[in-house]
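The sequence and the model come first.

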Amino acid sequence: MTLSKSNSWTVVSQGKSLYTWDINATSQKTATVFDGHSDTVNTVKYSPDGNYIVSCSSDNTVKIWEADTGALIYTLVGHQANVCLTFPPKTVPVAIGVPA
């Protein structure tokens, strides 16, 4: 689970999918479902500006999504093992690495 920059949205992963919720909403209805991975999602993060969500999966891909719409923007492929991610402070690039 991770919070948006505004701390009003959360994104969680369950299985192969991602789900967003408005923390301030009175209902617990899912706002957006992000489908596209073919294996378990291991890590999910909002970008520092809150406009994107990045997910890493056991399918050896990293996916970049539009946070507001759930649209898949790009899939990074070619990794030989599971991938993870972080956003270094005050930078835009995503750091991708293989867990030890």
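Phe-34 and Trp-65 are both buried (under 20% relative accessible area, with exposed meaning over 50% and partly exposed in between; 1.4 Å probe, protein chains only). The model is predicted: local features need pLDDT of at least 70 and side-chain atom pairs pLDDT 80 or more, while totals for chains, interfaces and linings use all residues. Residues are numbered from 1 along each chain as its sequence is written, and side-chain values use heavy atoms, without hydrogens and water.

Because Phe-34 lies in strand S4 and Trp-65 in strand S7, the pair ties together parts 31 residues apart in sequence.

## Sheet

Strands are DSSP runs (E, at least two residues), numbered from the N terminus, and two of them pair if DSSP finds at least two bridges between them. An open sheet is formed by four strands in the order S1-S2-S3-S4, with antiparallel pairing. Strand S1 (2-3) and strand S4 (32-34) are its edges, each pairing on one side only.

Strand S3 (residues 17-22) runs antiparallel to S4 and is joined to S4 by three bridges. Tyr-19 has Val-33 in S4 as its bridge partner.

## Loop residue Asn-60

Asn-60 sits in the loop between strand S6 (52-57) and strand S7 (62-66). Its phi is near 65°, a positive value in a residue other than glycine. Asn-60 counts as partly exposed because its relative accessibility is 21%.
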